[in-house]
Amino acid sequence: MKHQLKQAFSSSKFVLGFVLFSIMLLLAIFYPIFSPFDPMEMVGSIFYPPGTYVSVSDTVQATYNGFNIDPSEAHLKAALSPENREKMKNWLVRFGGVNEADIDIEDTVALVDLWDAHYSSDNPQEGLLSSEKKSYSRLDKSLAKAKTGIKTALYTENSDGEMEESLIISDRDYVRVNDVANTVTLPLGADNFGADMLTKLTNSIRVSLQIGLVAGLIATLIGLTIGLLAGFLGGLVDNILTFLTNIFTVIPSFVILILIANSVGQAGRGPFVVAMIIGVTAWPWTARSVRSQVISLRNRDHVNLSKLSGHSLPHIILNDILPYVASYVVMALILQVSSGILAEAQLSMLGLGPSTTTTTTLGMMMNWAQQYTAHLSGAWWAFIPVILSVAIISFSLNLMNTGLDQIFNPQLRED
Amino acid sequence: MGKVMLEVKELKTKYVTRFKEDVFAVDGVSLKIEEGKSLGVAGESGCGKSTLALSLMGYYFAPLHYISGDIIIDGNNISGMKPDDVRRKILGTEIAYIPQAAMNALNPTQKIIRFVEDVIHVHDKGMSKKDIYDMAVERFRILGLPPEVLQKHAVELSGGMKQRTVIAISTILSPKVLIADEPSSALDVTSQKMVIKMMRELMEKGFIKSMIFITHELPLLYNVTDDIVVMYAGQIVEKGTAKEMVFDPVHPYSKGLMGSIIVPEEGTRDVQLEAIPGTPPNLKHPPDGCRFAARCKYAKPECKVYEVPEKDFEDGRMYRCIYDVDYLKEVYGRNG
Amino acid sequence: MKGFAKYYGKRIGWYLITLVIAIFLNFLLPRLMPGNPVQTLVSEMMGSSTNATAAEKIMQQYTEQFGLDKSIPEQFIIYVGKLLQGDLGISFSQFPRSVGDIISSSVGWTLALQLPAIIVGWILGNFLGAIAAYIRKGVDKVVLPIFMFISNIPAFGLAIVMLFVFSLQLKIAPSGGAYAPDMFPNFSLEFIGSLISHFALPFFTMVLTTIGGQAIGMRSMSIYELNADYVKYSRFLGIKDRKIIVYVFRNAMLPQITGLAMSLGTMVGGNLVAEMIFNYPGIGNTMFSAIGARDYPLLSGCTLMITIMVLIANLVVEILYGIIDPRVKAAQQESEN
């Protein structure tokens, strides 16, 4: 065993897979412990982008520091959306007589300068509707505001319960972020429920791994039992079991998965039940590969010797067969865990995933992101990290499997 | 003396293992074959016989590497040639090869005739498919193979048939030298006989001009080849005619090797069967001095120190041992 | 030739048995849940329906269709009998359309999308695997792992990413459907252009996820074949490497056909969900809406249709493989003797 482990770690593929998997596992175990949020807690609101949020009230109350920096350019930049820049360009070309080639809409300062030089609301602007003319005039005013800077007055409640002006805030006043008492950091933003994505994601990774493991163990156990019996006993038992195995290899397992999951119904479909359903539909190819391994072992000398010595069937299987197929079983288990995680995600996408309000899975998160069309509203943080997590887990498990395969099948070794 | 078909001078090649270690499996081999003659190469497994077979082809690819020496085929030294030229101009026409495991030597998904076409097209691009087919049918018929074989895939042929097909394909371009590496050892007795018969016919019909026959089965060599060399640890330890080598071996290793077989000839029945104790040396680090010394029951301390020169005789006999012939004969006589 | 026909006769028989079992499972599994499934579903349906006459009609229809008052074996016989007439029942959610009608209008889209995607992915995967096995180094260490990683992204996950990148960010692809929503199917150039532009994204998504897995298999097979004795022998007969590689890759690729058959079920599953993301009007989308609307007859029709398609694909692959790979023919003859 020790020797085999040592061999496994000599394969660079296995090591890379192992490291990736360990990172995901550690993240899943430890991040929720240190996170300030509960995975299901709706801290914010739908699809808050990633970043640090500071309390407005606390910010205005904090100590002000004046900076001698002209904020107008940044204000202009923030005020000018790509659509507005496009609009300004159109106006300048149509009515300002500016050559299209001379306008660079990416250069904020130059664009605004051109605008100031040519725009006038008195321009006849022939061909524009009055509403369009008004929108240009509004845009012009907002630009003017951004340039001059806005003075903000702060009103606070006095001892008589009345609001009174306490302070005029200049646009050159700054507050140190650390001085703000209340801040919220959402490293991966918020999901559609307003929950912290990273906490929810790490929690989901843990649950999905558990589902994968349970499903993988069940599938491997069933596959191993059937494969051992079919391979070792041979004859009629083998014929029947092989017939069954072949049938369930050809009938797509996800069809059976959908049928069972749908029949169990919403109420009965907890994460554990889903894992079990996945497990009982995924065994056929483990059974196939175990059977072929056992058949090649069945007539080895040590097995025959054991038979002649009158050992019982369980004894022979446990002592003379299992140790030899163990490495293949481990490889099969690794793949089963990976396909279990994928199967859960697939079921959830179809709306047949675990039904629970107390925890989440990677599949459920993807399903919610899809339901709320996160990908069409630009909320990449709501689905890309989830998809990447699924891919990394599956990739790492497959790498480990390939690494082990190269060790046990020397043909594939890299020279 | 006939025309020399193949002459090999001090050929050295090595294997490079997965762990980048060098294995000197052919370490200074010289031999010579005349037109119409066949030479047998004998030795235990691991002595470098099969590597010698591959090395003689003059075309090297990993893990086999050329170190030094000359291979001269019909007066033409191929050692200095570019690998691609060897492949195009030498392989198949000048020198041909029959592999050890002919069972898997043919592409399982290709019809035999397609492969024959590929082989011939390497050397004669213009030959039409029909001409090739006619030629192959003719050749197969002469060699006693049913021409229907040409239309089959390798997987559809029996073991013996596959081996004979391989032999026919290898020699289809009438090469000057044929290297056969254990062509019959994996076959049943009947197929073995057919293969041996076929090898003889190849020579008689002039489809090949000379042959090197490698095997661990010595009785076969005695029946098939004119001369025999015995290989040990990458080197030739003794050379002679088949008769001399079987009945009158000089080198203690040849003596041991011949002692470990039964030759169905009168007078050999009483010879005690004996195996040579020990195992051949590791060719990653060949020992100093005589390579057989560690297993030789006549060895003395200097055997393990001094390089043993090849001792040549006028009649072409050669052996590699510090003792002279008379002494060895005397010792053998004493030991029965 | 007689053995050949006999062999395939047996195989077709085996597939028919498998089909019967699949139909049986399709029938039985929903009935294993507690309570009477159809009644529960129909009453659920009635509860949410505002159209009382439609609900009553459906109830009537289903009592008749499933023979609710009869025993399970009898119900199965009725089910199979209806099935043989091509009757899959009436859809709950799209009343009064028949399930058969809905499925036949979606199955073509699925076939047109998935069949070429899987075949192209398979070919490209084999090509990549062969190159990785032959060249090793860069391809093996960089390109192959990239495709391996992509193939570990579930097809529907990649579908979401593709939509985000190409439709939302780069705005070079439509956001879903099979053609522009303001068009009606016709043979105009404009419509065909719309079809193609809607086809591209789902197609490439499915191709990309297929490549990696196939490449890994092909790489292993090619390495195995490159070490085969016939490679050495062919070299010693002077045959050029270019020709030998053709031998090797042909031999390595043929078993990959079976590899394709083995992974077909999983692939189709992932692709069906991807179809749903792209809102492509195929079986995957239909199945999704059936699940959402608790339209049991429609879901059951979809699963049955998918099973039949996978079974047919497997059978076709098996027959094709037997014809083009002489090794299989030899094995068949051996098993006959």
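Predicted model: local features only at pLDDT ≥ 70, side-chain atom pairs only at ≥ 80, totals over all residues.
Colleague: Is chain A a compact globule or more spread out?

Modeller: Chain A has 16 helices and six strands; helices (H or I, at least four residues) and strands (E, at least two) are DSSP runs, numbered from the N terminus. The radius of gyration, taken over C-alpha atoms, is compared with a globule rule of 2.2 Å times the number of residues to the power 0.38. For 415 residues that rule gives 22 Å, and the value for chain A is 33 Å, well over it, so chain A is more spread out than a compact globule.

Colleague: How far apart do the C-alpha centres of domain 2 and domain 3 of chain A lie?

Modeller: The domain bounds come from an automatic or database domain assignment. For chain A this gives domain 1 (2–41 + 191–408), domain 2 (52–68 + 150–185) and domain 3 (72–145). Between the C-alpha centres of domain 2 and domain 3 of chain A the distance is 33 Å.

Colleague: Which element gives the largest share of the side of chain A that touches chain C?

Modeller: Two residues are in contact if their C-beta atoms, placed from the backbone, lie within 7 Å. The contact takes 38 residues from chain A and 42 residues from chain C. Elements of chain A that give two or more residues to this side include α9 (235–250), α10 (253–268) and α14 (313–349). The largest share, eleven residues, comes from α10(A).

Colleague: Why is strand β7 of chain B largely enclosed by the rest of the structure?

Modeller: A residue is buried if 20 or more other C-beta atoms lie within 10 Å of its own, exposed if 12 or fewer, and partly exposed in between, with C-beta atoms placed from the backbone. Val177(B), Ile179(B) and Asp181(B) point one way from β7(B), and Leu178(B) and Ala180(B) the other way. Strand β7 (residues 177–181) of chain B is largely enclosed because its buried residues number five of the five.

Colleague: Through which helix does the chain cross from β7(B) to β8(B)?

Modeller: Strand β8 (residues 210–214) of chain B runs parallel to β7(B), and five bridges join them. The β-α-β crossover between them is right-handed, as the path from the first strand over the helix to the second runs clockwise with the strands pointing away from the viewer. The helix is α6 (residues 189–204) of chain B.

Colleague: Is Ile228(B) buried or exposed?

Modeller: Ile228(B) has its place in strand β9 (residues 227–232) of chain B. Among the residues that Ile228(B) touches are Gly40(B), Leu221(B) and Met245(B). Ile228(B) has 27 C-beta neighbours inside 10 Å, so it counts as buried.

How values were computed. Residues numbered from 1 in each chain as written. Chains lettered and ligands numbered in written order. Pairing = 2+ DSSP bridges. Lists of a residue's contacts leave out its neighbours within four places in sequence.
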